[in-house]
Amino acid sequence: SNPNSALTTFTDITELKITEDKLRENEERSREILENVQDAPYRRNLHTDKYDYISQAIERMSGFTAEETIAMTTDKVLAHMHTDDLAAIEQAINESIANPGKSYQVEYRFKHRRTNQYRWFQDCFTTTLDKQGHTAFRYGSVRDITNQQIIEEAKKEAEFRYRSLFEQSHDAIFILDLQGAHLDANKRAADMMGYSIEEMRE
């Protein structure tokens, strides 16, 4: 053999690089989607009692950064919730642990760090098992439903005001459908017709 010669081998890794680039691009796209959705998806490790992951969207919702939220134990998270909601939250969490794979939904008020005002959250989650069959993670997603709650409260208040005016009016008020059947009537109308309100509504 010639001591001055060398053997060189070339391997075409074009497809490998293309695959790596696509995987990296898909990973970046998935993370971008997660960070920009209105909800805050998360995974909580039940062994460490910490979040493994929570979306950056949680900062807009709660005032706490994702990093600060990840460091919170369950007790610290509960400390920011309205005391009237704690029993329902703890019950849902305990039932989820006892029934892995089943989905649960709970609504609660969480005090925003910066405004110091309570925001309404809807938390949908399920508990999963590890390979040994032990409860390991709680996967879920938190949504800010404060605006929906405000609208619902306004509707209830408007309905209450309407019902009060309807019942207390000195005028007889009848509510009929398109066929002329009675749907409702106030007390003044019932007295005028000589029927009870229940009879008028039948």
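Predicted model: local features only at pLDDT ≥ 70, side-chain atom pairs only at ≥ 80, totals over all residues.

Tutor: Residues are numbered from 1 along each chain as its sequence is written, and side-chain values use heavy atoms, with hydrogens and water left out.

Student: What makes up the secondary structure of the protein?

Tutor: The protein has eight helices and seven strands, where helices (H or I, at least four residues) and strands (E, at least two) are DSSP runs numbered from the N terminus. Of its 202 residues, 28% count as buried, a word that means under 20% relative accessible area, while exposed means over 50% and partly exposed lies in between (1.4 Å probe, protein chains only). Among contacts between residues at least 6 apart in sequence, 36% join residues at least 24 apart, a contact being heavy atoms within 4.5 Å.

Student: Why is Ala57 called buried?

Tutor: Ala57 counts as buried because its relative accessibility is 5%, and the limit for that label is under 20%. Ala57 is found in helix α2, and its C-alpha atom is separated by 6.8 Å from that of Gln38, 19 residues apart along the chain.

Student: What makes a set of residues a nonpolar core, and which residues have the most contacts inside the largest one?

Tutor: The term covers buried Ala, Val, Leu, Ile, Met, Phe, Trp, Tyr and Cys residues joined through side-chain atoms within 4.5 Å. The largest such core has 23 residues, and those with the most contacts inside it are Met81, Ile89, Tyr108, Phe110, Phe125 and Val142. Two or more residues of this core come from each of β1 (40-45), β2 (50-54), α2 (57-62), α4 (74-78), α5 (86-98), β3 (104-111) and β4 (118-129), with β3 giving the most, four residues. Leaving aside residues up to four places away in sequence, Phe125 touches Tyr42, Ala92, Ile93 and Tyr139, among others.

Student: How do you know that a space is a cavity rather than a pocket?

Tutor: Both are found on a 1 Å grid over the protein atoms alone: a cavity is a set of points where a 1.4 Å probe fits but cannot get out, whereas a pocket is an open set with protein on both sides within 12 Å along at least five of seven lines, and lining residues have an atom within 4 Å of a point. Grid points are joined across faces, edges and corners, and a volume is the space filled by probe spheres set on the points. A search of the whole structure finds two cavities of 30 Å³ or more.

Student: What lines the largest cavity?

Tutor: The largest cavity, with about 170 Å³ of space, is lined by 16 residues, of which Tyr51, Met81, Ile93, Asp123 and Arg138 lie nearest its centre. That lining divides into twelve nonpolar, one polar and three charged residues, where Ala, Val, Leu, Ile, Met, Phe, Trp, Tyr, Cys and Pro count as nonpolar, Asp, Glu, Lys and Arg as charged, and the others, Gly among them, as polar.

Student: Which element gives the largest share of the lining of the largest pocket?

Tutor: The largest share, four residues, comes from α5. The largest pocket holds about 160 Å³ of space, and its lining divides into four nonpolar, two polar and four charged residues.

Student: What is the span of helix α6 set against the expected one?

Tutor: Helix α6 (residues 146-168) has 23 residues and reaches 33 Å from its first C-alpha to its last, close to the 33 Å expected, which is 1.5 Å times one less than the number of residues. In α6, Thr146, Gln149 and Phe166 are buried.

Student: Why is Asn116 called partly exposed?

Tutor: Asn116 is called partly exposed because its relative accessible area is 49%, and Asp49 takes the label because its value is 27%. Asn116 has a positive phi of about 65° although it is not a glycine, and phi of Asp49 is near 60°, also a positive value. Most residues other than glycine have a negative phi. Asp49 is found in the loop between β1 and β2, and Asn116 in the loop between β3 and β4.
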